[in-house]
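Hi,

Here is the structure I promised to pass on. Have a look at it first, and then read on for what turned up.

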Amino acid sequence: MKMRRVVVTGIGTINPLGNSIEEYFDNLERGISGAAPITHFDPEKFKTKFACEVKNYEPTAHFDRKDVRKYDLFTQYALVAEEQAMKDSGLDLEQVDKDMSGVIWASGIGGLETFYQEVKNYVEGGFTPRYSPFFIPKMIADIVAGYLSMKYGFRGPNYCTVSACASSNHAFIDAMTHIRLGKADIMIAGGSEAAVNPPGVGGFNSMQALSTRNDDPQTASRPFDVDRDGFVIGEGAGALILEEYEHAKARGAKIYAELAGGGMSADAYHFTAPHPEGLGAKKSMHDALDDAGITPEEVDYVNTHGTSTPVGDIAELNGILATFGEHTYDMNISSTKSMTGHLLGAAGAIEALAGIMAIQRGVIPPTINNFNLDPQIDPKLNLTLNKAQKRDVKYVLSNSFGFGGHNSSVILKKI
């Protein structure tokens, strides 16, 4: 069976580096950090007092007050990013076959803020069971896909992928598969997260997963640096409009890139730690290359999961070296989480956008905050340290890995 091709025809985002694609791409290229002291709540009692928050966001600039009451912040971010992407795509919704159009949206956690506030109100109210009727629909992770289907009348495939920090890449792979197999012509795909709140920060603090560099938040996310001490939690959303290639060509759509392949695997090793040799990561990347029908030598840039954790960064680089061999030294590698922080279930979404930026602008976004390279890392690797680099990019591989040993890799192609 000949697979249909899948292309990206619309993009949108709201994240710690910008509330639009242009702002995001410009700040990525400039190597700007999105980290700052937490403003969403008083973090004084927490080990970590900073995060990569979305800046200058006012819900009522996007939604009426009635809808703000119905939407958790992760849903709001999703709807903002998706609306940008839909507008960017130029799709005429009057001409779209709604039965052949669907939505797959990712979130690793969903409405954590809503859950926290409702339980807090219950406890502070003397355990009186007075919950909001919006509690459950605000909290559940699949609600974004539902809202988007209702917004556009899309009756095709519709669900949420939940695989911790691998969630968005899984959404892209699933959406791509539906289009390839002729089950859909158009898919909205992406991810959103809003976990900068007491349970989000407190929970990751208790695992010792977050950086505690409170004296200098902007340099706290430092992948591959010998002094890295954990990730910086972030929030936001990224959205892609995926479309069958001939369908996009027929309507004269702008095409950003082709979604050429995807790979998925499990570490089958530990509930939070990656396999130290990167075996699951290696399989995910190998399968993505195989799915795209390309050799390792054709990849120009790898956007790593690169969270800035002591174990994770080394394990991923081990997997990359095992996958690409000597070609590893000819590629650019970088971690954009050094700038955006870690958006958990939305990480893969904004990192796919970073890959599109590399293809469109011919610029590799840097790994900032690298002051002393970890001596366990081969210094001959081009980790694009501290400054963006110019390069003609044809193929990008983007990795996302999640707690539970979930691995996902996608390949974007210049077209």
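This is a predicted model: local features need pLDDT of at least 70, side-chain atom pairs count only at pLDDT 80 or more; totals for chains, interfaces and linings use all residues.

Staying with H7 for a moment: 12 of its 14 residues are buried, so the helix is largely enclosed by the rest of the structure. Among the buried ones are Ser167, His170, Phe172, Ile173, Met176, His178 and Arg180. After the helix comes glycine 182, with a positive phi near 80°.

Is phenylalanine 224 buried or exposed? Its relative accessibility is 0%, so it counts as buried.

Now the whole chain. There are 13 helices and 14 strands in it. The radius of gyration is 20 Å, close to the 22 Å from the globule rule for 415 residues, so the chain is as compact as a globular protein of that length. Along the principal axes, the C-alpha trace spans about 65 × 55 × 40 Å. Of the 415 residues, 59% are buried. If you take the contacts with a separation of 6 or more, 79% of them are between residues 24 or more positions apart.

On to the inside. The largest nonpolar core has 44 residues, and Ile11, Leu242 and Ile356 have the most contacts inside it. Helix H13 (residues 347-361) is the element that gives the most to this core, with nine residues. Apart from that core lies another of 30 residues, including Phe63, Phe74, Ile143 and Ile186.

Leaving out residues up to four places away in sequence, isoleucine 11 touches Ile21, Phe25, Gln84, Ala85, Asp88, Ala239, Leu240, Tyr256, Leu353 and Ile356.

Setting aside residues up to four places away in sequence, alanine 145 touches Val103, Trp105, Asn158 and Tyr159. Lysine 66 is 79 residues from alanine 145 in sequence, and their C-alpha atoms are 20 Å apart in space.

Next, helix H11 (residues 310-324). Its 15 residues reach 22 Å from the first C-alpha to the last, close to the 21 Å expected at 1.5 Å a residue. Which residues of H11 are buried? They are Asp313, Ile314, Ala315, Glu316, Leu317, Gly319, Ile320, Thr323 and Phe324. The cover over them includes helix H10 (279-292) and the strands E9 (301-303), E10 (332-334) and E13 (395-402). Just after H11, glycine 325 has a positive phi of about 55°.

Last, the aromatics. The count comes to 12 aromatic pairs. One of them joins tyrosine 24 and phenylalanine 25, a tilted pair at 5.9 Å centre to centre with 45° between the planes. Both tyrosine 24 and phenylalanine 25 are buried. Another pair, tyrosine 122 with phenylalanine 127, is edge-to-face, with 5.3 Å between the centres and 90° between the planes. Here tyrosine 122 counts as partly exposed because its relative accessibility is 25%, while phenylalanine 127, at 51%, counts as exposed. Together with Phe115, Tyr131 and Phe135, Tyr122 and Phe127 form one aromatic cluster.

There is also a charge over a ring: arginine 5 lies over the face of tyrosine 245, at 4.3 Å from the ring centre.

Cheers

Terms used:
Residues are numbered from 1 along each chain as its sequence is written. Side-chain values use heavy atoms; hydrogens and water are left out. Rings of Phe, Tyr and Trp (its six-membered ring) pair if their centres lie within 6.5 Å; planes under 30 degrees apart count as stacked, over 60 as edge-to-face and the rest as tilted. Buried means under 20% relative accessible area, exposed over 50%, partly exposed in between (1.4 Å probe, protein chains only). A charge sits over a ring if NZ of Lys or CZ of Arg is within 6 Å of the ring centre and within 35 degrees of the ring normal. A nonpolar core is a set of buried Ala, Val, Leu, Ile, Met, Phe, Trp, Tyr and Cys residues joined through side-chain atoms within 4.5 Å. Helices (H or I, at least four residues) and strands (E, at least two) are DSSP runs, numbered from the N terminus. Contact means heavy atoms within 4.5 Å. The expected span of a helix is 1.5 Å times one less than its number of residues. The radius of gyration is taken over C-alpha atoms; the globule rule is 2.2 Å times the number of residues to the power 0.38.
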